[in-house]
Every structure is written in structure tokens, then in C-alpha cells.
Amino acid sequence: MKDTTAYLHLKEHDPDMYAILEREITREDDTLELIASENFVSYPVLEMAGGVMTNKYAEGYPGKRYYGGCEHVDEAENLARNRAKELFNAEYTNVQPHSGSQANMAALLTFVDVGDTIMGLDLSHGGHLTHGSPVNFSGRLFNVISYHVTKETGRVDFDEVFQLAREHKPKLIICGGSAYPRFIEFEQFREVADSVGAYLMADIAHPAGLVATGIHPSPMGFCDVVTTTTHKTLRGPRGGMIMMGKDSENPWGKVAPKSGRVKMISELLDSMVMPGIQGGPLMHIIAAKAVAFGEALNPEFKLYTRHIVDNAKAMADEFLTQDYQLISGGTDTHLVLIDLSNKGISGKKAENALERAGITVNKNMVPFDTRSPFITSGIRVGTPAVTSRGMGTDDIRQICKLIDKVISNHDDEAIIVGVRREVKELCRLYPLYKEIH
Ligand SMILES: Cc1ncc(COP(=O)(O)O)c(C=O)c1O
């Protein structure tokens, strides 16, 4: 176990929790993190997320709080909002959602009513729980029509999307997902939405960092509302955000009670986040978002996101060379989705064997999967976290070879132990958080 120079007060105060924290620090340091939705924040972001702003209650918004003493958290939230606007070319941002799911809930409840029809990408085809899964609020509150990818291309089946939209007249269509390796087709979705008079919501939780640097197309000119998480490719603290390219008066005739003025959509979004679905904002996390957005505005971040995609493309290339089946045949982004059917192993078994070797991935349904979500036929593999450590395409090719070795020998503990050793050696070349050790 590593001896940390940070957290010395915690060490004295709560040795049990300190020991747990040390084990997690060691795990993060000694394993290859390939979960596509995870990343490692910078040390300043970590500092801010663990800072004193966790103490502050600040229900409301800057300048309009329900509590006193908010002058500095107001500054922090304004900085986060302004940096996010600049990053994404957005006229409006709300940085308060505690997570991506809360951002989606607030956006959906602003644009549609309970019982309305919405469309989203099916969970097993790469969508997210909040895009209409029956076990999620979205599936319970709305009438959900799911669209799919085609078997041949692994890309969104726009013939089906047009046909479903014509048939079911959704009030809102969600584009984006959790396991879609290709650029989100904002322009084509806009055409569908326009053809039936639907609102278009983009969930860019996964590619947000790539969108911020222009490596992935921007949704802003095409979508009525955009949601994201802040902790994936954007490399911020765990959280959510809502944006609009342009704000406008709400089309539902909602007026301010005293003046009778027609409210802006931004006002409705703000009040749906708080008091609609949340109470006090996590001010330490909002401040950490501001720090991360500041980093993302830096030209180095563009280079970083370029490396994420270069690494993912190298990964796709190496897996294809080794006869792996990739959904959509490759990637435009930070992730590849692998169908392991031809390798004689389920996603669950592969995830377990890789974890024993110190390589963290997640099992994932593949489109048209015949296995359950608990077993799955695939794994999802992403490059944001290893790229944050400084790993490049040669390392990625080595990692793919290690993954193949484990998958091809998943019952051979001696081989898995050998790979574990190689993983540790590679990790040692790219240490995490020099500030902690
Ligand atoms: C596309 C998409 N939207 C929303 C979310 C929800 O984010 P959170 O886990 O922060 O609620 C995720 C998380 O994985 C996601 O992939």
C-alpha cells in the first residue's frame, strides 16, 4: 500500500476510513481504467471538490438565494456558468444538476408533460436509462417509443426514426447515448424533429469534452436543449449541466405571476432544477466544475481530447487486427463497443477476468443482444482515463494485446497473474496524483 502525504488529518481522525481511501488510491494507481464514462480529474479539481464550499447552503441562483452569506459561492457559480457558456457556445447554462440523470429529468419535465410521448435510443442499442427505460423515471412518467441502430451498420436507423416519429408524433426526441461509438447525428435528428414538430434534446454526457474542443460536432445550432455530465470526457467532478444554444420565450404561455410577462425557457429550466427536483446545490462541486471548465478552455485540453480519439482509433484498429467484432466497425470518439460473440465468452465473464488482471472495463449489451443485461455479449472500452495518465497509442496497442491475452485465456489464472504484473508495470510509468504520494 502506498503511504500518502495528503490526508494526514484524516489518518489521525478516522484510521478506518483512511485505510479504505488508501486502498482506493492504490487501486486507481495500479489498474488500467478503461470504463468509457470514467476519468481522472486534475489535482486542483480534486482540491476544489474537497473544499470548504461543501459547507454552504445556497438554494436559489446567484443574486437570488434563499440563504445569506452567498457572495462567494455566487462568484463560483457565475464563473462556472460563464466558462461553460464560452466552452460550448451556449447562451444559457445551469450548472446545478447533481448528476446527468438530474439534468435529464429537469430538461424533460420542462419540455414535456407527464404522459407525453418521447423518443430515445433503446438502452440495449446504446441509449441511457434516462432516455426511456421502464425501470427509470423516464419510462414511468412518459410514453416512450425507442428507436434502434441497424444490424448492418451499428448506426442509428434513420428510416426507423422517421417512421416511428411519423407514427407516434413524439413531443420530444432525445439523441445521444452511453455506448454509441460514432458522432451523434444532430442535423439528421433535427430534420426528423422538424418533420413532426417535436423538440430535440441532445444528451452529450459522453462526448462533452470532444464537443467542447470541436473534435465532435456541436449540438448547439440544432437542439432545443442540451444536457451533459461533467465527469466523463470533460474531466470535471461528478455532476450534470443543462445548456441551450439560444434562449427564447417559452412557447407554452407560462407567465410570471405578477407582471404577466412571458417567461424565458431558461427561467423554466432553472425552476425545474430548483425547486422542481433539487434543493440546495453542491457548491463545492459547482466550484470544481468551474475549475475543470477553466482547464477545458486551455489549448492543452484540445490536445488531450485529440489524444483520447487517437487512442480510441488505435484501440479499434488493434482489436480489428485481432479479429474482434466492433459495433459500427470502429469509432469516431472515445469508446469502442466490442461484441465478443465470436470469442466464446460473455461480457460478464470478460469483465471479471479482466478485473482480476487489473484492467477495468464494463460488460455491455450489444445491439440485438440475445443475453440479459446482467450477462451481456459485449464490453465497452474507453480511453479518456488512460489518456489523462499520459498513455499514447503504443501503450494502447499493448493494452489491447493484454486484453486479448486475458480473454483468450480467461480460465488460466497463471496467465491472468502474469498480465496483472505487466499492468502494474505499465501503470507505474504513468503515476496518478504526484501530489498525493
Ligand atoms: C448518456 C448519459 N446520460 C446521462 C447519464 C447519467 O449520468 P449520472 O450517472 O451522472 O446520473 C449517463 C451516465 O452514464 C450517460 O451516459
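A polar side-chain atom of Asp203 lies 2.6 Å from a nitrogen atom of the ligand, a polar contact being a pair of N or O atoms within 3.5 Å. The model is predicted, so local features need pLDDT of at least 70 and side-chain atom pairs count only at pLDDT 80 or more, while totals for chains, interfaces and linings use all residues. Residues are numbered from 1 along each chain as its sequence is written, and side-chain values use heavy atoms, with hydrogens and water left out.

**The ligand and its surroundings**

| Side chain | Ligand atom | Distance |
|---|---|---|
| Asp203 | nitrogen | 2.6 Å |
| Ser99 | oxygen | 3.1 Å |
| Lys232 | oxygen | 3.2 Å |

On its own, the ligand has 390 Å² of accessible area, and the protein covers 83% of that area; such areas come from the Shrake-Rupley method with a 1.4 Å probe. The shell around the ligand consists of 13 residues, the closest being Gly100, Ser101, Ser178, Asp203 and Lys232. By class, the shell holds one nonpolar, 10 polar and two charged residues. In this scheme Ala, Val, Leu, Ile, Met, Phe, Trp, Tyr, Cys and Pro count as nonpolar, Asp, Glu, Lys and Arg as charged, and the others, Gly among them, as polar.

**Pocket and cavities**

The ligand takes the space of the largest pocket, in which about 680 Å³ of space lies. On a 1 Å grid over the protein atoms alone, a pocket is an open set of points with protein on both sides within 12 Å along at least five of seven lines, a cavity is a set where a 1.4 Å probe fits but cannot get out, and lining residues have an atom within 4 Å of a point. The lining of the largest pocket has 30 residues, with Leu123, His128, Ser178, Asn364 and Arg380 nearest its centre. H5 and strand E14 (362-364) each supply at least two residues of this lining, which divides into seven nonpolar, 17 polar and six charged residues.

The structure also holds three cavities of 30 Å³ or more. The largest cavity contains about 60 Å³ of space, and its lining includes Gly176, Tyr180, Arg182, His206 and His334. That lining comprises three nonpolar, six polar and one charged residue.

**Backbone features**

The peptide bond from Met274 to Pro275 is cis, with omega near 15 degrees, and Pro275 lies in helix H10 (residues 265-277). Asp323, a residue other than glycine, has a positive phi near 65 degrees; Asp323 belongs to the loop between helix H12 (299-321) and strand E11 (325-326).

Note on methods
Near = heavy atom within 4 Å. Polar contact = N/O pair within 3.5 Å; in protein donor to acceptor, adjacent residues only side chain to side chain. Sits in = over half its atoms within 2 Å of the grid points. Points joined across faces, edges and corners; volume = space filled by probe spheres on them. Helix = DSSP H or I, 4+ residues; strand = E, 2+ residues; numbered from the N terminus.
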